[in-house]
Amino acid sequence: MSLLPSPGPDVDSPQEGEFRIVGLDDEQTGAVFEALSPETARAILTAVHDDPGTPSELADRADTSIQNVMYHLDKLEDADLVEVAGTRYSAKGKEMKVYTAADNPCVMFIGTDERRQTLVE
C-alpha cells in the first residue's frame, strides 16, 4: 500500500454554461486573440477540449515542453478559455492542477450589434 495520495477523480468537460459571444470591440477580444495566435496554444486548447489534463499530460499531447504549456495555459486562462477543474497527484506525490475547457463556450463574432443580438435571443 502506497502512502502517496491517489491520482484523484476523473474530470470531464461538459461545457454546460451559456455561450460567451466576443465581438471585435469587446474588452476581452485582445486577450482571446493573443491567447489563440500561437499554433501551440491552439493545440493545447484542442487537447483540453478532447480530454482535460495536467500540464505534463497536455505537454505530451501537444508535443511541447511543460514550461511552454504553462505559459500558454496562463494566457488561455486569462482569456477565460480554460479553467482549473481540480487536482491530481503525481507518482511522486506532487499536487498538479487539472485544466479543462471553460464552462462557457466562446464564440467570436464580427458583425453589427443588431445581428449580434439575434445570436443571444
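Which residues in α3 meet I66, V69, M70 and L73 in α4? They are P55, S56, L58 and A59, where a contact means heavy atoms within 4.5 Å. The model is a predicted one, in which local features need pLDDT of at least 70 and side-chain atom pairs count only at pLDDT 80 or more, while totals for chains, interfaces and linings use all residues. Residues are numbered from 1 along each chain as its sequence is written, and side-chain values use heavy atoms, with hydrogens and water left out.

Helix α3 covers residues 55-62 and helix α4 residues 66-78; helices (H or I, at least four residues) and strands (E, at least two) are DSSP runs numbered from the N terminus. The axes of α3 and α4 lie 8 Å apart, at an angle of about 105°. Axes here are lines fitted to C-alpha atoms, for helices over the stretch in contact, with angles from 0 to 180 degrees between N-to-C directions. The two helices are therefore roughly perpendicular to each other (65 to 115 degrees; under 35 is roughly parallel, over 145 roughly antiparallel, the rest oblique). By class, their contact has seven nonpolar residues, one polar and no charged. Ala, Val, Leu, Ile, Met, Phe, Trp, Tyr, Cys and Pro count as nonpolar, Asp, Glu, Lys and Arg as charged, and the others, Gly among them, as polar.

Helix α4 also packs against α2 (residues 39-50), with axes that come within 10 Å and cross at roughly 80°. That makes α2 roughly perpendicular to α4. From α2 the contact takes T40, A41, I44 and L45, and from α4 it takes N68, V69, H72, L73 and L76. Six of these residues are nonpolar, three are polar and none is charged.

A salt bridge (a side-chain nitrogen of Lys or Arg within 4 Å of a carboxyl oxygen of Asp or Glu) ties α4 to another helix: K75 in α4 pairs with E34 in α1 (residues 29-36), 41 residues apart in the chain. The N to O distance is 2.9 Å. The structure holds two salt bridges.

The largest pocket is lined by residues including P55, S56, I66 and M70, and α3, α4 and β3 (95-101) each supply at least two lining residues. Strand β3 gives the most, with three. Also in the lining are S90, K92 and K94. By class, the lining has four nonpolar, two polar and four charged residues.

Methods: On a 1 Å grid over the protein atoms alone, a cavity is a set of points where a 1.4 Å probe fits but cannot get out, and a pocket is an open set with protein on both sides within 12 Å along at least five of seven lines; lining residues have an atom within 4 Å of a point.
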